[in-house]
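Let us walk through this assembly together, going from pairs of charged side chains to interfaces and then to packed helices. Please keep the sequence and the model side by side as you read.

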Amino acid sequence: MYSQGLIGADGTTHEDEEFLAAFQARIDAELKIEPNDPMPAGYRKTLVRQIAQHAHSEIVGMLPEGNWITRAPTLRRKAALLAKVQDEGGHGLYLYSAAETLGVSREELVGQLLSGKAKYSSIFNYPAITWADIGTIGWLVDGAAIMNQIPLCRCSFGPYARAMIRVCKEESFHQRQGYEIMLTLCKGSDEQKAMAQDALDRWWWPSLMMFGPHDADSTHSDQSMAWKIKRFTNDELRQKFIDATVPQAEFLGLTMPDPDLKWNEEKGGYDHGEIDWDEFWRVVKGDGICNRDRMKARRKAHDDNTWVREAALAYAEKTAARETAVAAE
Amino acid sequence: MPDADLKPETLFKYVLRLADDQLILGQRLGEWCGHAPTLEEELALANIGLDLLGQARSLYSYAGEIEGKGQGEDDLAFLRPEREYLNALLVEQPNGDFAVTIVRQVFHAAFMVPFWRTMTASSDETLAAIAAKSLKEVEYHLRHSSEWLIRLGDGTEESHRRSQDALEELWGYASELFEMDALADEMLDCGIAVDAAALKAEWDATVNAVLERASLTRPMDSWSQSGGRSGRHSEHLGHILSELQYMQRTYPGLSW
Amino acid sequence: MTEKNTPLWEVFIRARNGLSHKHVGSLHAVDAEMAMQAARDVYTRRGEGQSVWVVRSSDIVASDPTEKETMFEPTGSKIYRHPTFYDIPEDVGHM
């Protein structure tokens, strides 16, 4: 569940022209790059950073929804939500594995998240305060993520593309799960409808920010596009998302919290109001309402359970030593 | 229903006891989500929780049918007052550290494996079918939690101490699982129920074997607690219910 | 705070009888039993598996990417290994 123009990518690379041209020719021929293939240092660095940010987003993304598992209103919703949040954990795991093929360990990647050095999708720094937020997160946040992740299935780096294929297959139920919650609310009491509208009001703009800065302000986008790590620009994906989502909101009978949102016949898509980029950067830089809580929760889960991981490793070492001793007799 | 003398209320209560055990333990495991020791264990705990929730749902639906008053799984799961929940005290105990969660799971699964296995022969076809499905699930829960307890017990000094503490903390709640009362006896007589007391020997053997491999000491039977089967709970259940029932209580009578 | 690395394992799953085990991904586990359980919990949640293999990633012997040409290019010229290399009159029928 992720979609954000990569933050702070640096695709700078220092290989000679001939090497870069040969690499680009492979990319242009749609040949996949596998972990042991020669690749520019900038390509490797950009990928590690992007895959890690993606993985961290899945893991941190478990928190706002996980927060509602014990309070889900029915057993069916509880089971679906637990299964969905579990999937996010699985997706984080697949993605960490893909990053590891480039030579960084899981421990190192997790360490970067916990130290605050690594970024994750800013959307998860907003709070899930009502049950309608669970519907809205599934509908909008997973919807935005799918927009981004489907083209990533064709990413030039093999392990990332393969992980994304698995993720997309599994995520197909996530957005439907969220939209179904919204449908139920919108067909329900006035109180439920108001709850749904309130959640849309709070999540709409942050979900548009998930696609990252405008293309004109997105510094390293061109190189990622050329290397086919990225297949569409931030603005292209954002536009697709808006065009797909507005009719879904109309079907629910909800109002988009954007007075400037209107159909543009000429471009065949919706025009929308200006996104508050100050807010975006504030949240990315750590000042969202939940940034501190999210990091605290992740660190606590890690630190409180260090003894568990140490115990398992110690046991494995002891058992291996015992086996060696027996074999030596 | 197989026996004409059997009152539906009796069977209803018996099924509720079973359903409540699985729901409350599933709810507890749900609290771990996002906070587990490793990513791999995150998925494992959720799998166990989902199995238990699934079992609870089947049991509540069946209980609602038996009662015949139009109550569905959610009415039964969410809308009873605290004294009407009939789960054993073991499953409502807080997650504690990972050792407490694992010991609680070993105790529960070591009981549920022979319980569901015996229940597959129940004269009640619905319960027998639920038992057949659930048996495969709890066999895996037992494997998973036992292997963890072995690693924690025989891991580091700290993990050994924590798991021995967890054993002592939960030991006195295990005996309630084997309790029989008038209701359970009546159900046993008509061929529906399992003789829980008769499962003690297998539970002992399973747990002893795990403890031995884990280099842990079996606690003394110096104390025990019960009351859950008649709705007399620890203070923990009220807090579980305040979360579990929050939506249904705040917005009564709505669909979600 | 440096934590010891937990070994990486590769997971192979037979989706149904009749198919070979296929690489599906990797995971971290301290030993074989935990790796097997994690493989089941992570990679077979949607009924994907009939049989699972787990192999320590460090136990896999891989060909050296710098020897790719030496290793694999010589087969490129052996077209006689392919059925279309041989001319069989159409009258003979499918062969």
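A salt bridge is a side-chain nitrogen of Lys or Arg within 4 Å of a carboxyl oxygen of Asp or Glu. With that rule, a search of the whole structure turns up 42 salt bridges over all chains. Before going further, note that this is a predicted model: local features need pLDDT of at least 70, side-chain atom pairs count only at pLDDT 80 or more, and totals for chains, interfaces and linings use all residues. Residues are numbered from 1 along each chain as its sequence is written, chains are lettered from A and ligands numbered from 1 in the order in which they are written, and side-chain values use heavy atoms, with hydrogens and water left out.

Helices here (H or I, at least four residues) and strands (E, at least two) are DSSP runs, numbered from the N terminus.

Now turn to where chain A meets chain B. Counting contact as heavy atoms within 4.5 Å, 46 residues of chain A touch 49 residues of chain B. The size of an interface is often given as the accessible area lost when the parts come together. Here buried area is the accessible area (1.4 Å probe) that two parts lose on being put together, summed over both. Between chain A and chain B this comes to about 4100 Å², with carbon and sulfur atoms giving 68%. L75(A), W307(A) and Y315(A) supply 20% of the area that chain A buries against chain B, more than any other three residues.

Which charged and polar pairs cross this interface? The count between chain A and chain B is three salt bridges, and E40(B) and R106(A) meet through their side chains in a salt bridge of 2.6 Å, N to O. Polar contacts (a pair of N or O atoms within 3.5 Å; within protein, one must be able to donate a hydrogen and the other to accept it, and residues adjacent in sequence count only if both atoms are side-chain atoms) link 16 residue pairs across the interface of chain A and chain B, both residues being at pLDDT 80 or more. Two or more residues of the side of chain A that touches chain B come from each of α2 (41–66), α3 (75–100), α6 (158–186), α7 (190–209), α11 (291–304) and α12 (306–328) of chain A. The largest share, 14 residues, belongs to α3(A). If Ala, Val, Leu, Ile, Met, Phe, Trp, Tyr, Cys and Pro count as nonpolar, Asp, Glu, Lys and Arg as charged, and the others, Gly among them, as polar, this side of chain A has 25 nonpolar, ten polar and eleven charged residues.

Next, look at chain C against chain B. The contact takes 13 residues from chain C and ten residues from chain B. The buried area between chain C and chain B is about 1100 Å², of which carbon and sulfur atoms give 51%. M34(C), Q37(C) and D41(C) lose the most area in chain C, together 45% of what that side buries. Two salt bridges are counted between chain C and chain B, and the side chains of R151(B) and D31(C) meet in a salt bridge at 3.0 Å, N to O. On the side of chain C that touches chain B, β2 (22–28) and α1 (32–43) of chain C each supply at least two residues, and α1(C) gives the most, with eight residues.

Finally, follow α1(C) to its partner helix. The contact is between α6(B) and α1(C), with Y140(B), R143(B), H144(B), E147(B), W148(B) and R151(B) on α6(B) and E33(C), M34(C), M36(C), Q37(C), R40(C) and D41(C) on α1(C). By class, this contact has four nonpolar, two polar and six charged residues.
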